[in-house]
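The entries follow the order in which I looked things up.

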Amino acid sequence: MQSFIVEILAPSAPIFLLAWKQISSNREAVQNLTSLKDLIEAVLRNSRIDSVIDEITIRQIQDKIYYNRTLNPLLPDRLFQKMRNSLEEGMNFSVTEQIRLLRSNT
């Protein structure tokens, strides 16, 4: 048992620690994104195309976006380039749909 701890478990500890930190970081990032999404959807649900959103709410959204960008690890360049077109298409579709919904609320 002692040799198992000394030869296998102890040298593996940094890997487990790194994995735990990554899991914690990813969990926090997901919670932040969920909070951001909920905030934006709440604002848009109560808005029309000509609505004015107060500065405090906009500041909260900007802070959450900034926090998300600083918290999340960057994608490797190759992966980003590979996914870029589909991510942009999804974003453009979402914006178009949201504008359509806002216009229908008037």
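Which exposed residues does the face of helix 2 turned away from its buried side carry? I found Glu55, Ile56, Tyr66 and Arg69 there, where exposed means over 50% relative accessible area, buried under 20% and partly exposed in between, with a 1.4 Å probe and protein chains only.

Entry on the model. I note that this is a predicted model, in which local features need pLDDT of at least 70 and side-chain atom pairs count only at pLDDT 80 or more, while totals for chains, interfaces and linings use all residues. Residues are numbered from 1 along each chain as its sequence is written, and side-chain values use heavy atoms, with hydrogens and water left out.

Entry on helix 2. I took helices as DSSP runs of H or I with at least four residues, numbered from the N terminus. I listed Thr57, Ile61, Asn68 and Leu71 as the buried residues of helix 2. Seen down the helix axis, these buried residues fall within an arc of 100°, so they line one face of helix 2; the arc is taken over the directions from the axis to the C-beta atoms. In general, an α-helix has 3.6 residues a turn, so residues three or four places apart point the same way. I also saw that the buried residues of helix 2 pack against helix 1, contact being heavy atoms within 4.5 Å.

Entry on the loop. I located arginine 48 in the loop between helix 1 and helix 2 (55-71). Arginine 48 is partly exposed, at 42% relative accessible area.

Entry on the largest pocket. A pocket is here an open set of points on a 1 Å grid over the protein atoms alone, where a 1.4 Å probe fits, with protein on both sides within 12 Å along at least five of seven lines; lining residues have an atom within 4 Å of a point. I read a volume of about 460 Å³ for the largest pocket, a volume being the space filled by probe spheres set on the points. Of its 15 lining residues, Ile40, Leu44, Ser94, Val95 and Gln98 lie nearest its centre. Helix 3 gives the largest share of this lining, five residues.

Entry on the second largest pocket. I recorded a volume of about 230 Å³. Its lining consists of Leu75, Phe80, Met83, Leu87, Glu88, Gly90 and Met91.

How values were computed
Helices (H or I, at least four residues) and strands (E, at least two) are DSSP runs, numbered from the N terminus.
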